[in-house]
Amino acid sequence: MEKSQVKRESWGSRIGFILAAAGSAVGLGNIWRFPYLTGTNGGGAFILIYLFFILGVGLSIMIAEFAVGRRANLAAVGAFKKFDKRFTFIGVLGVLSAFFIMGFYPVVGGWALAYVFKSVTGLLSNQAAIGDAFGAFISGSYEPLIWMLIYLFANIVIVARGVQGGIEKASKIMMPMLYVLLIIIAIRSITLPGAGAGLEFILKPDFSQVTGSTFLAALGQAFFSLSLGMGCMLTYGSYLSKEENLQKNALIVTLMDTSVALLAAIAIFPALFAFGMEPAVGPGLVFVVVPSVFAQMGGLGVILSVIFFVALTLAALTSSVSLLEVVTAYLIDERRMERKKATYLAGGIMVITGTLSSLSMGVLSDFNILFGVGFFDFFDILTDKIFLAIGGMVIAIFVGWFMKKEDLKDELTNSGTVEFGLFEVWYAVTKYIIPLAIGAVAVAGILSIEQTALMIFGIVLIAVLAIFSKKL
Ligand code: TRP
């Protein structure tokens with residue numbers, strides 16, 4: 001099979017790659033979802049389990065994805081196909097996961113963007129009405145839909161401009177800004193009187209609330225937050241030069257991601273407790289509690305609120321472009337499409353799924369696609385609770401059992417020119433421990449979660465893909 005003769009794109013610089021990969025990792029997962037999961041899963045205990053999965057599972061999978069991507073020099077589907085056709089389905093599952101995550105992600109991205117403007121147009125003036133205002137906003141038909149479309153449009157513009165000129169450039173500006181903004185808010189939060197209770201909530205583990213589904217939530221969140229399990233980091237690794245030290249870059253990206261999640265928790269919980277609010281409110285947490293907290297701070301609160309939602313929007317944007325890129329890169333590598341056309345096609349489909357998700361919060365809320373959930377939850381639960389973890393498990397199995405150990409060593413030491421002292425540890429963890437650990441967590445989680453039928457549907461879907469995508 002001949003591939004197009006055009007030279008494959010690559011990153012412009014090391015720092016550009018790191019910021020793009022960290023940009024992919026740091027997103028709504030860190031600032032929107034991590035705090036609300038922490039809030040509903042009992043605080044410190046959830047954070048501890050999460051950190052354990054980040055370091056024990058996530059980091060190794062990220063190294064594996066970088067290695068496979070760079071070795072193949074192809075995005076997800078092409079990479080697995082090149083090494084072993086029986087694993088092509090994992091790339092296909094990745095492309096499907098990208099579509100599913102992009103089925104709901106731009107909806108929340110649109111909310112974040114909307115809240116930048118709502119912060120200055122009176123949202124904060126009536127603190128008691130902030131919760132109702134959020135409910136009314138997201139269940140409306142046109143308003144959230146328009147914000148979602150603007151947000152998605154920004155993604156399409158960036159990805160259409162390519163790896164260096166679009167994704168890398170955008171990340172280089174937005175990532176440093178995000179850090180500065182979050183640090184300002186975190187400092188304000190921990191210096192409020194009464195902030196201690198919030199710090200205690202996130203630092204003192206209470207294991208009485210922990211069940212099998214807590215572990216699944218923490219594992220899924222680790223994958224989601226690090227952009228793993230669906231070939232996203234693999235695709236980013238495929239644009240990386242042969243001189244880069246993969247494991248060092250993986251460690252840097254992981255630490256950056258984790259620091260933003262913890263920073264978000266420090267920005268939110270001390271302030272939340274200082275103002276006597278409830279932590280376990282679910283997905284509305286940042287959109288209700290954060291503005292409520294800021295509403296009690298007068299003029300400064302308005303400014304901080306704008307800063308916060310700008311940061312949230314920027315973080316989301318550098319993540320969702322990586323998801324759009326997974327699909328775009330597949331169309332370029334495997335379907336030999338031109339970049340712009342590929343971006344528009346993928347983006348066009350996302351306009352449809354995003355619209356359905358957005359409307360599922362309001363007019364379509366009684367419409368359940370399958371197993372009693374609407375579009376938004378269908379896309380969210382299937383990816384976060386099943387596809388990413390199972391995808392990560394299969395990637396670990398593939399790397400550990402089906403790739404040559406010498407090839408991996410060669411790739412991770414840049415043909416012997418850089419050290420990887422922990423190679424044997426990484427290899428053993430990836431080959432034995434990770435598949436078993438994910439298997440155990442998946443079983444325990446599926447049994448204790450409410451949506452068992454949906455979970456089983458997800459697994460059957462993966463099995464069907466595994467059987468039929470060999471011929472691709
Ligand atoms: N990691 C991003 C976040 O935390 C979301 C994301 C981007 C993602 N690319 C991904 C999640 C790939 C899973 C897989 O918001």
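In the predicted model, a polar side-chain atom of Y105 lies 2.5 Å from an oxygen atom of the ligand. A polar backbone atom of F224 is placed 2.7 Å from a nitrogen atom of the ligand, and a backbone N or O atom of S24 is found 3.1 Å from a ligand nitrogen atom. The ligand taken alone exposes 360 Å², of which the protein buries 100%.

The shell around the ligand comprises 17 residues. By class, the shell divides into 9 nonpolar and 8 polar residues, and charged residues are absent from it. Five helices each contribute at least two residues to this shell: α1 (14–25), α2 (28–40), α5 (88–120), α10 (212–225) and α14 (298–335).

The analysis gives 2 cavities of 30 Å³ or more. The largest cavity, with a volume of about 120 Å³, is the space taken by the ligand. Its lining consists of 16 residues, and those closest to the cavity centre are S24, I101, F224, S227 and L323. Two or more lining residues are given by each of α1, α2, α5, α10 and α14, the helices that also each supply at least two residues of the ligand shell. The largest share of the lining, 3 residues, comes from α14. In composition, the lining of the largest cavity has 9 nonpolar and 7 polar residues, with no charged residues.

Of the 13 residues that line the second largest cavity, I185, A267, A271, V293 and F294 lie nearest its centre. The elements giving two or more residues to this lining are α8 (163–190), α12 (246–274) and α13 (285–295). Its composition by class is 11 nonpolar, 1 polar and 1 charged residues.

The largest pocket has a volume of about 560 Å³ and is lined by 25 residues. Y36, L37, I381, K385 and Q451 are the lining residues nearest the centre of the pocket. At least two residues of the pocket lining are supplied by each of α2, α6 (130–139), α10 and α16 (375–402). The greatest contribution is that of α16, which provides 6 residues. By class, the pocket lining has 13 nonpolar, 6 polar and 6 charged residues.

The lining of the largest cavity has no charged residues, whereas the lining of the largest pocket includes 6.

Technical notes
Residues numbered from 1 in each chain as written. Predicted model: local features only at pLDDT ≥ 70, side-chain atom pairs only at ≥ 80, totals over all residues. Heavy atoms only, no water. Near = heavy atom within 4 Å. Polar contact = N/O pair within 3.5 Å; in protein donor to acceptor, adjacent residues only side chain to side chain. Areas by Shrake-Rupley, 256 points an atom, 1.4 Å probe, with all protein chains shown as cover. 1 Å grid on protein atoms, 1.4 Å probe; cavity = no way out; pocket = protein on both sides within 12 Å on 5 of 7 lines; lining within 4 Å. Sits in = over half its atoms within 2 Å of the grid points. Helix = DSSP H or I, 4+ residues; strand = E, 2+ residues; numbered from the N terminus. Nonpolar A, V, L, I, M, F, W, Y, C, P; charged D, E, K, R; others polar. Points joined across faces, edges and corners; volume = space filled by probe spheres on them.
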